[in-house]
Amino acid sequence: MNHLESQHPELIRVDGITKNFSGVQALADASLSIGRAEIHGLVGENGSGKSTLIKIIAGVLGPDHGSLFFEGKPLRHLQPITAIRLGIQVIYQDFSLFPNLTVEENIALNSELAQNQLLVSRQRMRGVAASALEKLGIELDLGVRVEEIPVAQWQLVAISRALVQGARLIIMDEPTTTLTRKEVESLLEVIRKLKASGVATLFVNHKLNEVCEIADRISVLRSGRVTESLAPMEFDPTRIMECMTGRRAVPRAASSALPASAPPVLEVQALSREGAY
């Protein structure tokens with residue numbers, strides 16, 4: 001394993017984490033560190049242990065063996081509420097938003113409730129939500145219900161909510177799965193703004209070109225172990241794929257072009273989906 005050290009002061013570290021489920025080993029002596037304001041890519045094949053590692057960092061699961069440290073201090077019996085209070089936020093693929101509530105309510109309601117106010121202040125919530133969007137350079141209609149905005153903007157609402165809750169590390173689980181290239185570029189710019197504001201990101205993605213484009217470091221999971229930690233000069237999709245699979249990539253021969261007269265394999269006409277574009 002390449003023991004590459006982050007150029008950022010350490011924020012969180014998992015050391016020698018092992019996790020088993022009914023005899024199936026999901027993680028085996030996995031170790032990973034994330035620096036403050038670092039964009040850290042995490043890649044691996046399906047079943048490599050990415051989701052389990054995310055849940056352990058978020059306090060959803062406890063490790064069978066191993067240790068977690070936050071700013072050098074050990075974390076014992078980590079629970080989700082403790083992780084949130086430390087500033088660890090996970091944005092899952094379903095975003096965990098309330099579609100029937102407005103953008104400002106989704107962003108600021110938890111903050112409002114945490115202040116134990118007898119009455120909810122719409123003006124205060126709007127100010128909190130607007131401030132979060134401004135930090136990210138995002139413009140959204142605060143009064144519109146989330147179910148009425150494109151799915152790509154749901155993610156921006158979730159990121160803004162994480163900022164309001166004091167995020168210091170945002171874990172993004174496959175964040176670009178449903179996004180167009182233009183939407184991906186907008187998201188990557190938001191992640192760069194998070195870094196500039198001092199927030200670290202664990203960017204978990206199977207699209208290697210996007211990980212290479214945004215990450216400061218890339219860690220590779222294979223069979224529950226972090227086998228490599230790569231610096232930018234080592235970012236190469238072919239090499240990363242070899243680290244993920246343990247096999248050398250063999251270039252495929254280019255397929256011959258089909259003649260213009262060949263029948264179409266698939267035709268789509270007038271396809272639409274509410275909330276997507």
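D29 is partly exposed, at 46% relative accessible area. This residue has a positive phi of about 60°, yet D29 is not a glycine. The model is a predicted one. Two nonpolar cores, a cation over a ring and two residues with positive phi are covered below.

**Backbone: positive phi**
- D29 sits in strand β2, which spans residues 24-35.
- S96 also has a positive phi, near 55°, and is a residue other than glycine.
- The loop between β6 (88-91) and α3 (103-114) holds S96.
- S96 counts as partly exposed because its relative accessibility is 41%, between the limits of 20% for buried and 50% for exposed.

**Nonpolar cores**
- The largest nonpolar core has 49 residues.
- V103, I159, I170, I218 and I240 touch the most other members of this core.
- Helix α5 (residues 151-164) gives the most to this core: 8 residues.
- Nonpolar side chains tend to be buried together in soluble globular proteins.

**Contacts of I240**
- Which residues does I240 touch, not counting those up to four places away in sequence? The partners are V43, L208, C212, I218, V220 and L230.
- One of these partners, I218, is itself listed with I240 among the core residues that touch the most other members.

**Aromatic rings**
- How many aromatic pairs does a search of the whole structure find? The search finds 0.
- R13 lies over the face of F69. The distance from the ring centre is 4.4 Å.

Methods:
Residues are numbered from 1 along each chain as its sequence is written. This is a predicted model: local features need pLDDT of at least 70, side-chain atom pairs count only at pLDDT 80 or more; totals for chains, interfaces and linings use all residues. Side-chain values use heavy atoms; hydrogens and water are left out. A nonpolar core is a set of buried Ala, Val, Leu, Ile, Met, Phe, Trp, Tyr and Cys residues joined through side-chain atoms within 4.5 Å. Buried means under 20% relative accessible area, exposed over 50%, partly exposed in between (1.4 Å probe, protein chains only). Helices (H or I, at least four residues) and strands (E, at least two) are DSSP runs, numbered from the N terminus. Contact means heavy atoms within 4.5 Å. Rings of Phe, Tyr and Trp (its six-membered ring) pair if their centres lie within 6.5 Å; planes under 30 degrees apart count as stacked, over 60 as edge-to-face and the rest as tilted. A charge sits over a ring if NZ of Lys or CZ of Arg is within 6 Å of the ring centre and within 35 degrees of the ring normal.
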